[in-house]
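Morning, everyone. Please have a look at the screen, and then we'll go through a few parts together.

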Amino acid sequence: AVVSTQSTGVGVYCSWTYIHKEMIHSLIITTRGGTVLFEKVWVSSAHTTGKANMFASLITAMQEFSRQATGGLLVSHLSFGQVSLSMSWDERTQLRAVLTHDAGDGYNFGQLLAQQLLRGFIDSYAQDTEFSSAQGLSPQRFLPYVNKVLDQITQSIRSILVVLHRHRGLLNTFLVHDDGRATTTDAADDQLGIAANLTPLIAFSSEIMLHKADRPRVITLEMGKQVIEVHRVGPASLVCICRKNKDPSVYRSAIQNAVQMLEKVFLLLRDLSGRS
């Protein structure tokens with residue numbers, strides 16, 4: 001096996017955290033008719049505080065106009081200077097999630113969170129709730145969902161891994177957390193076994209880099225028909241098992257996109273945990 005490492009400056013993570021101090025501002029979940037079922041505000045604004053119903057009505061009118069004008073297409077993203085709206089729609093339940101967040105977080109990150117938070121809401125209440133009828137849908141009933149928001153954002157980590165795993169240049173992907181936990185794309189024992197075997201290597205490489213006042217950003221192992229890349233991501237390591245017969249340019253951009261998305265999720269979780 002051939003092992004190589006790439007390092008990164010220790011100050012990068014902290015400065016990036018400061019820039020993205022307030023990543024998401026608010027979340028509302030509405031019916032197709034615009035009835036607000038759930039609202040959570042993290043960053044208050046004089047323009048939006050107490051105006052969720054009016055805001056939901058505007059979004060509903062806009063989406064209905066888009067549906068009629070385009071033959072069924074819906075708006076999924078709007079950007080207003082430093083703030084963006086990411087919207088996710090579920091056809092079965094006719095529910096919509098509208099997430100307000102920093103424009104710098106980007107379209108993909110906004111969509112990831114909006115979809116995950118809507119999916120979590122539906123999974124929590126769909127079994128005993130008829131969302132197609134606005135009667136009896138009191139927002140008070142859905143207040144407990146606020147306690148599941150952090151868990152749903154955490155679940156988005158697995159969603160990122162699942163998308164990355166589908167890339168044709170990759171055989172497997174999973175995340176090894178610093179506390180020993182592993183987030184995988186399924187419950188396969190081989191993933192957990194590989195994670196256990198790589199943990200000492202990651203720790204060893206980190207110790208070597210500490211002597212250089214630095215830390216490893218990427219560890220690459222060439223083994224037989226596979227290339228294993230270990231990317232440092234916040235408080236965890238992303239493990240990508242790649243096909244050796246594929247040029248790295250085939251999968252490298254997909255891995256980097258996943259790393260950036262995971263970094264944002266970890267920063268958001270730390271930010272929201274600090275506010276609660």
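Which residues of helix 4 are buried? Keep in mind that this is a predicted model. The buried ones are Val149, Gln152, Ile153, Ser156, Ile157, Ile160, Leu161 and Leu164. Look at how those numbers are spaced. An α-helix has 3.6 residues a turn, so residues three or four places apart point the same way. Now the helix itself. Helix 4 runs over residues 149-165, which is 17 residues. From first C-alpha to last, helix 4 reaches 25 Å, close to the expected 24 Å.

Next, the strands. Find strand 6, residues 95-102. Eight of its eight residues are buried, so strand 6 is largely enclosed by the rest of the structure. Which strands pair with it? Strand 2, residues 24-31, pairs with strand 6 in the antiparallel sense, over seven bridges. There, serine 26 has threonine 100 as its bridge partner. Strand 5, residues 83-90, is also antiparallel to strand 6, over eight bridges. Here serine 84 is bridged to histidine 101. Strands 5 and 6 form a hairpin, with four residues between them. In that turn, glutamine 94 has a positive phi of about 60°.

Last stop: phenylalanine 109, in helix 3, residues 107-125. Is phenylalanine 109 buried or exposed? Its relative accessibility is 1%, so phenylalanine 109 counts as buried. What does phenylalanine 109 touch, leaving out residues up to four places away in sequence? Met23, Met261, Lys264, Val265 and Leu268. And take glutamine 260. Glutamine 260 and phenylalanine 109 are 151 residues apart in sequence, yet 9.4 Å apart in space, C-alpha to C-alpha.

Terms used: Residues numbered from 1 in each chain as written. Predicted model: local features only at pLDDT ≥ 70, side-chain atom pairs only at ≥ 80, totals over all residues. Heavy atoms only, no water. Helix = DSSP H or I, 4+ residues; strand = E, 2+ residues; numbered from the N terminus. Expected span 1.5 Å × (residues − 1). Buried < 20%, exposed > 50% of the residue type's maximum accessible area, 1.4 Å probe, protein only. Pairing = 2+ DSSP bridges. Contact = heavy atoms within 4.5 Å.
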